[in-house]
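Hi,

Here is the model I promised to pass on.

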Amino acid sequence: MRPLLQIISVIALSLTVFPSLMFFAGMMELDRMKWLMMAATVAWFIATPLWMGREKENPPATD
Amino acid sequence: MSEEQSQAGGEFERQPVPKESLLGFKSFIGMYAGEHCAGTELMIGPLFVAAGVSAFDLIFGLIFGNLLAVLSWMFICAPIATRARLTLYYQLEKICGRNLVTLYNLANGVMFCFLAGSMITVSATAVGVCVNFPMPGLNDIMPNSIGWILAVLAVGGLIAIVAAFGYNSVAKFANIASPWMVLVFLVFGIVGLRQFIVASDTSIGSLSDLWQLATTEIWKGGDPIKDQTKFTFWHVTFFAWFCNMAMHIGMSDLTIFRFARKSWYGVATASGMYVGHFMAWISASLLYAYQLRLDPTDDSVLPGPMAFRAAGYAGLLCVVIAGWTTANPTIYRAGLAFQAIVPRMPRFSVTLATGMLATVAGMFPAIAMKLLGFVAIYGMILMPMGAVIFVDYYLLKKFGMQSNYAELSRKTFNWAAGLTWFITLGTCVALVKFAGVQIYFVSLPGWFVAAVLYIVLSKIYQKKVHQ
């Protein structure tokens, strides 16, 4: 399950930035880019909390 | 700007970090990359544009200034941290005594409150996109509408309550949001650049075309917007170097690098500097420059509307999360600092009260709109204690004096350190008020003043105490 969720997160993260590159290249409208980004954002925040930080804790640090 | 240092308080607070608890290099890269992509980056980039910065001054000033910041972490903070392996507060307590550390905590807590206030201001600008009310302008000092006050109250109140209930859940959320947030900042830059290319009807076929666009359309230099200080190469350099002065030269990050295996791990801060204080600042500045191009009279720096224009609701969410996840630990840390002064009060009440204080501060747009100056003052106020630690660690014994003097003499207030702090601040204020030195530069001579003062005053003080 964990590897699958990680793959979804990577795809979501790629989709966060990839539409803007399409927009930069003149291959996508700004509005479509914004909605794709939002969809990628939703996917990231659903998939990532299910695996990130679940197995090993973050580094201890400070006061 | 970093305000999200982890808060695993209670770990090795009064003892050196043992070998088995040391961390690898990668831990520090991730920590710094995430922490320096904060809500305030969305203010700083635009404020550079408002200050009339030119493309050369911005790009090369940031490269050079951030390099100096990384070197400060590497060669000033991290070497002491990896040898002493103590928290800043314990190190200071050994040198200065408990009462002087309490005073330092108070100053630190107040500065954290204002900083958190500016982060709440950033998040509240996102509310203005969804609800129609007058938002503050670039030169506004006081809150300018009931709608704005209510928006800040709602956002700040929520942040304060969450911070009071506990730091950890938001810290975990911040870790999850961090990679996404960095990419949204990058998207701001990509979209902003594309919008400039279209608006100026330019085609970019080479780096020189891009540079031409940057110098003639985006960061044109010239006069700053009314009531703003003109920023040159040196302003950008010193700002990038000193905006985290409290952390490197001021030694706050002793607490972080005490976990590092080697002092060269200080180079990991480059991830934060060149992601947050280079890419993110440039991206945010592009959004504002484009806004000015669309309407030169619209000079208000409002991250919410700017982000929404570039990246829609994802951009808006980024503004809210960037402000929230950085205001939360800042309020928590301010609460800890205040709690050290009134230890009998429950942490919940202190943190809630601190959050509400930050919320009230956030209602006044002056703090966020004058963030460049505020950050410089913040560094200046805490810098002398960094000089005290540096001199105490490396030089006092060479001059025949005792280091960690408060601990040895069981003093609760080391007057040599206290007077060094107060006189240095007085000198810095005098340099700014009467000698025409701008606030962005004054901490450099200030550090040397503090170092010399601490040696001289320690000589007098330690001799007097021994008599």
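The buried residues of α6(B) are B:Trp148, B:Ala151, B:Val152, B:Val155, B:Gly156, B:Ile159, B:Ala160, B:Val162, B:Ala163 and B:Ala164. Buried here means that 20 or more other C-beta atoms lie within 10 Å of the residue's own; 12 or fewer makes it exposed, anything in between partly exposed, and the C-beta atoms are placed from the backbone. Do keep in mind that this is a predicted model: local features need pLDDT of at least 70, side-chain atom pairs count only at pLDDT 80 or more, and totals for chains, interfaces and linings use all residues. Residues are numbered from 1 along each chain as its sequence is written, while chains are lettered from A and ligands numbered from 1 in the order in which they are written.

Back to α6 of chain B. This helix covers residues 146–165, 20 residues in total, and runs 28 Å from its first C-alpha to its last, close to the 28 Å expected at 1.5 Å a residue (the expected span being 1.5 Å times one less than the number of residues). Helices and strands are DSSP runs, H or I over at least four residues for helices and E over at least two for strands, numbered from the N terminus. Just after α6(B), B:Gly166 has a positive phi of about 150°.

What do the buried residues of α6(B) pack against? Their partners in chain B are α5 (98–130), α7 (168–199), α12 (303–341) and α13 (347–363). I looked at α12(B) in some detail. Its axis and that of α6(B) come within 9 Å and cross at roughly 55°; axes are lines fitted to C-alpha atoms, for helices over the stretch in contact, and angles run from 0 to 180 degrees between N-to-C directions. The two helices are therefore oblique to each other (under 35 degrees counts as roughly parallel, over 145 as roughly antiparallel, 65 to 115 as roughly perpendicular, and the rest as oblique). The crossing of α6(B) over α12(B) is right-handed, that is, the near helix is turned clockwise from the far one by less than a right angle, with anticlockwise being left-handed. On the α6(B) side, B:Ile159, B:Ala160, B:Val162 and B:Ala163 meet B:Trp324, B:Ala327, B:Asn328, B:Ile331 and B:Tyr332 of α12(B); a contact is a pair of C-beta atoms, placed from the backbone, within 7 Å.

Now the core. The largest nonpolar core has 184 residues, and those with the most contacts inside it are B:Phe48, B:Ala116, B:Met181, B:Val184 and B:Phe188. α12(B) supplies the largest share of this core, 21 residues. (A nonpolar core is a set of buried Ala, Val, Leu, Ile, Met, Phe, Trp, Tyr and Cys residues joined through C-beta atoms within 7 Å.) Leaving aside neighbours within four places in sequence, B:Phe188 touches B:Ser283, B:Ala284, B:Leu286, B:Leu287, B:Ala307, B:Ala310, B:Ala311 and B:Gly315.

B:Leu287 sits in helix α11 (residues 269–294) of chain B, and it counts as buried because it has 26 C-beta neighbours inside 10 Å.

Another helix pair in chain B is α4 (residues 88–96) with α5(B), packed at about 135° with axes 7 Å apart. These two are therefore oblique to each other, and their crossing is right-handed. B:Tyr89, B:Leu92, B:Glu93 and B:Cys96 of α4(B) make the contact with B:Arg98, B:Leu100, B:Val101 and B:Tyr104 of α5(B).

B:Asp227, a non-glycine residue with a positive phi near 70°, lies between α8 (207–218) and α9 (233–242) of chain B; it counts as exposed, with 10 C-beta neighbours inside 10 Å. B:Asn404 also has a positive phi without being glycine, near 50°. It is in the loop between α15 (371–394) and α16 (405–409) of chain B and counts as partly exposed, with 17 C-beta neighbours inside 10 Å.

Finally, chain A. It has 2 helices and 0 strands, and 30% of its 63 residues count as buried. Helices α1 (residues 2–24) and α2 (residues 30–47) of chain A pack at about 165°, with their axes 8 Å apart, which makes them roughly antiparallel. α1(A) passes α2(A) in a left-handed crossing.

Cheers

How values were computed
Contact = placed C-beta atoms within 7 Å.
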